[in-house]
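Please open the structure in the viewer and keep the selection panel at hand.

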Amino acid sequence: IRFNRILLTGAAGGLGRELRARLKAYCTTVRLSDIADLGEAQPGEELCPARLEDAAAVHALLQDVDTVVHLGGVSTEQPWEPILQANIIGAYNLYEAARNQGVKRIVFASSNHVTGFYRQDEVVGLKDPARPDGLYGLSKAFGEDLSRFYFDRYGIETVCLRIGSSFPEPRNRRMLATWMSYDDLERLVVASLTAPVVGHSIIYGMGDNTTTWWDNTLARHIGYRPQDSSEPFRAKIEAADPLPDMTDPAVIFQGGPFVRTGPFE
Ligand code: 15L
């Protein structure tokens, strides 16, 4: 046990549900927040539903927490208004609350869609410019810049996880490159919470995959060592999806279908 209280936002989401049980091993209390139903509180859990755009609620949420794993917000390409509220205003509220409450480190769920308009035949490094593939990716790029500002100005450390595709198994050809197992997700989050010094860091959340579009060399100080590879799933996936259309933007660019989702008006 390293922490008294960890706040997990987005705890009812796909990755939140996974981390909900796993983070308990690292703290006395895990405070869970979401706008969706969180079910019953289990031993060692506190349920604190909050809307991220509600500044007062977010300030209360950060009271007496040691550290935050911020998964909350919109997690797919959506119209501007929900992204503005949850991901942009919500991220600002979270960092302002951290500053007010003296929280020293945040693990921020960014996304590979910050760099989704790089091509699948390129390898992106951690100092390459952002190339968001939609409003969602743009909002995550904002979160990365916001957290950098809060480190430079106020010393609040953040690790931005540019998560690829974290599911039980890779689902398609693209995920052979982007997949990260839930066990590796846990390793990445725990390394980000416990590395001695992280400052403001960015790291791609990917497994030990053979096909790779991202280079995490500059984040070695985090100490993340992925152990699971998409490779055992390759034959099954390639057989199910034999002829990719090389003119499809979702096949050309790393963001996959996100690069052609929307506009929604
Ligand atoms: C994301 O950012 C989404 O939250 C997730 O649902 C996946 O679609 C993932 O990216 C991906 O790129 O596969």
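This is a predicted model: local features need pLDDT of at least 70, side-chain atom pairs count only at pLDDT 80 or more; totals for chains, interfaces and linings use all residues.

Select helix H1 (residues 14-22) and helix H6 (residues 182-194). Because angles of 65 to 115 degrees count as roughly perpendicular, H1 and H6 are described as roughly perpendicular to each other. The crossing of H1 past H6 is right-handed.

Display the side chains at this contact next. H1 contributes Leu15, Glu18, Leu19 and Arg22, which meet Tyr182, Leu185, Glu186 and Val189 of H6. Sorted by class, the contact of H1 with H6 comprises 5 nonpolar and 3 charged residues, with no polar ones.

H1 lies across strand E1 (3-9), E2 and strand E4 (67-70). Relative to E1, H1 runs at about 165 degrees.

Now extend the selection to the whole sheet. It is an open sheet of 7 strands, and its order reads E3-E2-E1-E4-E5-E7-E8, with parallel pairing. Strand E3 (45-47) and strand E8 (200-205) are the edge strands, each pairing on one side only. On average, neighbouring strands in this sheet are turned by 20 degrees against each other, direction ignored.

Move on to helix H3 (residues 80-101) and helix H4 (residues 135-154), whose axes come within 10 Å and cross at roughly 15 degrees. That angle makes H3 roughly parallel to H4, since angles under 35 degrees count as such. The crossing of H3 and H4 is right-handed.

For the side chains between these two helices, select the following:

- From H3: Trp80, Ile83, Asn87, Ile88, Ala91, Tyr92, Tyr95 and Arg99.
- From H4: Leu135, Tyr136, Ser139, Phe142, Gly143, Leu146, Ser147, Tyr150 and Tyr154.

By class, the contact of H3 with H4 holds 12 nonpolar, 4 polar and 1 charged residues.

The last stop is the ligand. Which residues surround the ligand? Select Ser75, Thr76, Ser111, Asn112, His113, Ser165 and Thr178 to show them. This shell divides into 7 polar residues, no nonpolar and no charged ones.

Terms used: Residues are numbered from 1 along each chain as its sequence is written. Two strands pair if DSSP finds at least two bridges between them. Helices (H or I, at least four residues) and strands (E, at least two) are DSSP runs, numbered from the N terminus. Axes are lines fitted to C-alpha atoms, for helices over the stretch in contact, and angles run from 0 to 180 degrees between N-to-C directions. Two residues are in contact if their C-beta atoms, placed from the backbone, lie within 7 Å. A residue is near a molecule or strand if its C-beta atom, placed from the backbone, lies within 6 Å of it. Ala, Val, Leu, Ile, Met, Phe, Trp, Tyr, Cys and Pro count as nonpolar, Asp, Glu, Lys and Arg as charged, and the others, Gly among them, as polar. Angles under 35 degrees count as roughly parallel, over 145 as roughly antiparallel, 65 to 115 as roughly perpendicular and the rest as oblique. A crossing is left-handed if the near helix is turned anticlockwise from the far one by less than a right angle, and right-handed if clockwise.
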